[in-house]
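Try each task before reading its solution.

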Amino acid sequence: MTTVNIGISAEHREAISQGLGRLLADTYTLYLTTHNFHWNITGPMFNSLHAMFMTQYTELWNAVDPIAERIRSLGHVAPGSYAQFAELASLPDAPQVPPKATEMIRILADGHEATARTARHLFKLVEEASDEPTADLLTQRLAIHEQTAWMLRAQLEE
């Protein structure tokens, strides 16, 4: 492999790539859970939640590629197997038995909050390394996860 010389030290590139690998694992796990819930939602909120989950899993699906490509831009290999994602993710896998709609909403809200924490945890390191492209990616991801968590939590209000 050729040497990467983009103005970020090898140590920073490795640490940032590891953190982005965790973000990728959280994002993919959340994508899979959201898609699972889209398929398996039942009850009086079916139509609205089925559509909302589709919007959310589509956004998550579109997010995995930029995260993985940022890891590659930093000179590292992006994780890409279920085993790696299970090891790296801070989120649990989707329940094997689909829960009721309100529990699906709670699980997804918790998942977006956890993914936001994973992204936020990287900021100090990214700023230290002057890695503006990763900071921009993290800012975009944080805004989406925080807004989605809020929208999901709003569904749980009586």
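**Exercise 1. Find which residues of α4 meet which residues of α6 in this predicted model, then describe how the two helices pack.**

Solution. Start with the contact itself. On the α4 side, the residues are Ile105, Leu108, Ala109, His112, Glu113, Thr115, Ala116, Ala119 and Arg120. They meet Leu138, Leu142, His145, Glu146, Thr148, Ala149, Leu152, Arg153 and Gln155 of α6.

Next, take the geometry. Two packed helices are described by the angle between their axes and the distance between those axes. For α4 and α6 the angle is about 155°, and the axes are 8 Å apart. An angle over 145 degrees counts as roughly antiparallel, so α4 and α6 are roughly antiparallel to each other. Finally, the crossing of α4 past α6 is left-handed.

**Exercise 2. Check the length of α6 against what a helix should span, and list its buried residues.**

Solution. Helix α6 runs over residues 132-155, which is 24 residues. At 1.5 Å a residue it should span 34 Å, and its end C-alpha atoms are 35 Å apart, so the two values agree.

Now look for the residues under 20% relative accessible area, the cut-off for buried. In α6 these are Thr134, Ala135, Leu137, Leu138, Arg141, Leu142, His145, Thr148, Ala149 and Leu152. What covers them includes α1 (10-40), α2 (46-73), α4 (101-121) and α5 (123-128).

**Exercise 3. Describe α1 and how it packs with α2.**

Solution. Begin with the length: α1 has 31 residues and reaches 44 Å from its first C-alpha to its last, close to the expected 45 Å. Then turn to burial: α1 is mostly covered, with 22 of its 31 residues buried.

For the packing, the axes of α1 and α2 come within 8 Å and cross at roughly 160°. That makes α1 roughly antiparallel to α2. The residues of their contact divide into 17 nonpolar, 8 polar and 1 charged. The crossing of α1 and α2 is left-handed.

**Exercise 4. Is Leu91 buried or exposed, and which residues is it in contact with?**

Solution. First place the residue: Leu91 lies in the loop between α3 (82-88) and α4. Its relative accessibility is 11%, so Leu91 counts as buried. Leaving aside neighbours within four places in sequence, Leu91 is in contact with Asp26, Thr29, Leu30, Gly111, Ala114 and Thr115. As a distance check, the C-alpha atoms of Leu91 and Arg120 are separated by 15 Å, and these residues are 29 apart along the chain.

**Exercise 5. Locate His121 and decide whether it is buried or exposed.**

Solution. His121 belongs to helix α4. With a relative accessible area of 63%, His121 is exposed.

Definitions and conventions:
Residues numbered from 1 in each chain as written. Predicted model: local features only at pLDDT ≥ 70, side-chain atom pairs only at ≥ 80, totals over all residues. Heavy atoms only, no water. Helix = DSSP H or I, 4+ residues; strand = E, 2+ residues; numbered from the N terminus. Expected span 1.5 Å × (residues − 1). Buried < 20%, exposed > 50% of the residue type's maximum accessible area, 1.4 Å probe, protein only. Contact = heavy atoms within 4.5 Å. Axes fitted to C-alpha atoms, helices over the stretch in contact; angles between N-to-C directions. Parallel < 35°, antiparallel > 145°, perpendicular 65-115°, else oblique. Left-handed = near helix turned anticlockwise from the far one by under 90°. Nonpolar A, V, L, I, M, F, W, Y, C, P; charged D, E, K, R; others polar.
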